[in-house]
Each structure stands twice: as structure tokens, then as C-alpha cells.
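Keep the viewer open as you read.

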Amino acid sequence: MKQWILPRAQQEELSKIISSAGLEYSEFELRIKLSNRVVSTKVSSLLHLRTGSYFDFDTLDRGGYYIEFSPGVNEPVSLEYSGQWSYVQTSFKNWIEAVKREISAKSPWQPFDEAKAFGRFAAGSENPAFNSEEKRLVVNTLDEVIDLISSKVSLPEERLRLIQADIAYLKESTERIGKKDFVLLFLGWGMDKALSNGIPPDVLSQVFQLVSERLHHVFLSLMAVVHYFAPISSVLTPQT
């Protein structure tokens, strides 16, 4: 099988374009896929994990770069025979700017779609187990939750220990329950124990957002869950 894979030097150039645009290259994943244009040929493709935006570095039988990217130039998908690498870089810079707009843009239908997604998620029967990499990501993210809470809230030592114990329980739960049950357990902790232990609603909203960003690909419906509940948490009053 033929290969049309980005050399490391070109990968480095792309990472610099991403960084100069104010994005983290860790937000992207470089993948190898089969060409859509040439039979039995592997090509490189860059995926923005949060939005699903992609940039395919494809080719044609005659050689040169044939790129496909979404969002496109004033259209959902653009196709270009760029030929030389310098032209690919120009299109890539335009695509990065489009990705930034996608990150910040809000669809007027999003709240309704997210509410429906959460309803389907909560009512669904699928409850897949975590794999080892997903468990590691969850544990690391929960460590970040503790760091975030500690930096934002001055809590009595006793209450901080209670929250740390809750977080340890959430970590341990990934060994014995599925993803759906974990999401519901996490929400229950956030909407009940976290507030009652003195975490202000605005900080709790930040916790939800953090978990949503870090674990978006572990829990495909977690983004909907977090966005659905974060506004609610911002108007709740901590229990005494």
C-alpha cells in the first residue's frame, strides 16, 4: 500500500500555525486514513477533537496535494488541488481560523438539541465500560477538578477532605460501573454534595465545563449533560 504521509517537518510547521492562532495542538489529532482519491494509498488527516472539524492532506494519481477540509470556505466542505505545500499552508491557516469560529459560535438550536440528547442519554440502555486509557483520562481530570476547587474556594480542612474523599470514590467507580452510570453519579455529586460542602455555583459550573472539555471523547453525551445542567447550577444556592 502506498503512503502519502506528512513528514515531521511539515507536521511541525502545522503545529506552529495552530499555536500562533492561539490554539493548543493537543486539541487536534493527526490520523492516518485511506485516500478518497487514490486507490490503496494512506494519507494524513488532522481532526479537531471538540468540533469534529477536519483537514485531509490527500493526493491524486498525478501527485501533489489535494486537500479536503471542513468547515470550508463559505461552505460546509471545500475541495482544492493545492499542489505545492505553500498553498496547502495558506488553506490550512484559513481552516484554523474557521475552526476558531466554530469553537466560539453558538447555534440557536443547541440548547434544544442538548436537552434532547440528555434525555436520550438518560433513558438509553447502553452503558459501556471504560477502557484503560479512558480510566486514566478520568482520573487525571478529577485531579484537575480538585486543583480547580482548591484554587477558587477557601474551604475548611474538614470540608476539603470530604470533597477529596468524594473524588476518590468517583475515580474508583470507573473500575466497576459503566460510562452512563458514571455520568449520572458525577452529576449527582455536583448537584448535591459539592454544593452542600460549600462549592459556589459559579465554581461548580467551571467544574462541569472542565470535565466536559477534558472528557468530551470519553463521554459522547457528556457535553450535552454539562451544558444542560451548568446554567441550572449557576442559579442554585448552596445548602447549609
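## Aromatic cluster

Trp4, Phe28, Phe55, Phe57, Tyr65, Phe69, Trp85, Phe92 and Trp95 come together as one aromatic cluster. This is a predicted model, in which local features need pLDDT of at least 70 and side-chain atom pairs count only at pLDDT 80 or more, while totals for chains, interfaces and linings use all residues. Residues are numbered from 1 along each chain as its sequence is written, and side-chain values use heavy atoms, leaving out hydrogens and water.

## Two ring pairs

There are 13 aromatic pairs in the structure (ring centres of Phe, Tyr or the six-membered ring of Trp within 6.5 Å; planes under 30 degrees apart are stacked, over 60 edge-to-face, the rest tilted). Trp4 and Tyr65 pair edge-to-face, because their centres are 5.2 Å apart and their planes at 65 degrees. Tyr65 is buried at 8% relative accessibility, whereas Trp4, at 27%, is partly exposed (buried is under 20% relative accessible area, exposed over 50%, partly exposed in between, with a 1.4 Å probe and protein chains only).

Phe92 and Trp95 make a tilted pair, with 5.5 Å between centres and 45 degrees between planes. Both of these residues, Phe92 and Trp95, are buried.

## Nonpolar cores

The largest nonpolar core holds 28 residues, and Val145 and Trp189 have the most contacts inside it (a core joins buried Ala, Val, Leu, Ile, Met, Phe, Trp, Tyr and Cys residues through side-chain atoms within 4.5 Å). A second, separate core has 19 residues, including Tyr65 and Phe92.
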